[in-house]
Amino acid sequence: MQNDTAINAPSGSNKKSTVYVAGLAPEVNEDQLLSAFVTFGDIIDIKIPHEVHDQSKHRGFAFITFSLPSDAQDAIDNFDLNELPGYQGRGRFLKCSLANPDRFASEGGGSGRFDKAIWATDEWQQAHGEKPRDEVAVEGQ
């Protein structure tokens, strides 16, 4: 989801300006998150990952990318361990933190280690001390 009033952040800055928000009620949607979080600054993107086997249900968490890291931190400071407006009294407290870039990538937020073959990951290459055959062949050309 793109907010029309959002300012594009410099490339690579979303690692520290993306907020991971957990504890969402099943009926929460992008518009409700936008309404609640836009008070802290311009939002570039909101992603709510859905269940693989049932696209009508989300997984209870979201990634909200702000244009500025300070805005992301303000949102965390204000919403962590609090309830989402409109859902007070339901006992659903949000857990907000800066998104882990690897985790964010695996949830559809970008290219990360979970969308590669196991032998293409840095961890595998470090453990085995070699590059996959297809990468070696490309370098040798």
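At 14% relative accessibility, D45 counts as buried, where buried means under 20% relative accessible area, exposed over 50% and partly exposed in between (1.4 Å probe, protein chains only). D45 has a salt-bridge partner in K47, with N to O at 2.7 Å; a salt bridge here is a side-chain nitrogen of Lys or Arg within 4 Å of a carboxyl oxygen of Asp or Glu. This is a predicted model, in which local features need pLDDT of at least 70 and side-chain atom pairs count only at pLDDT 80 or more, while totals for chains, interfaces and linings use all residues. Residues are numbered from 1 along each chain as its sequence is written, and side-chain values use heavy atoms, leaving out hydrogens and water.

**Salt bridges**
- By this rule, the count comes to four salt bridges.
- K47, the partner of D45, is partly exposed, with a relative accessible area of 25%.
- D54 pairs with K57, their closest N and O atoms being 3.9 Å apart, and D54 is partly exposed at 29% relative accessible area.
- K95 and D80 meet through their side chains at 3.5 Å, N to O.
- K95 lies in strand β4 and D80 in the loop between α2 and β4, so this pair ties together parts that are 15 residues apart in sequence.
- K95 is partly exposed, with a relative accessible area of 41%.

**Helix α2**
- Helices (H or I, at least four residues) and strands (E, at least two) are DSSP runs, numbered from the N terminus.
- In α2 (residues 69-79), the buried residues are D71, A72, A75, I76 and F79.
- Down the axis of α2, these buried residues fall within an arc of 140 degrees, so they line one face of the helix; the arc is that of the directions from the helix axis to the C-beta atoms.
- As background, an α-helix has 3.6 residues a turn, so residues three or four places apart point the same way.
- The buried residues of α2 pack against β1 (18-22), α1 (30-37), β3 (61-66) and β4 (95-98), with contact meaning heavy atoms within 4.5 Å.
- After α2 comes L81, whose phi is positive, near 65 degrees.

**The largest nonpolar core**
- A nonpolar core is a set of buried Ala, Val, Leu, Ile, Met, Phe, Trp, Tyr and Cys residues joined through side-chain atoms within 4.5 Å.
- The largest one has 24 residues, of which L33, F37 and F66 touch the most other members.
- The elements giving two or more residues to this core are β1, α1, β2 (43-47), β3 and α2.
- Leaving aside neighbours within four places in sequence, L33 is in contact with L24, V28, I46, I48, A62, I64 and L84.
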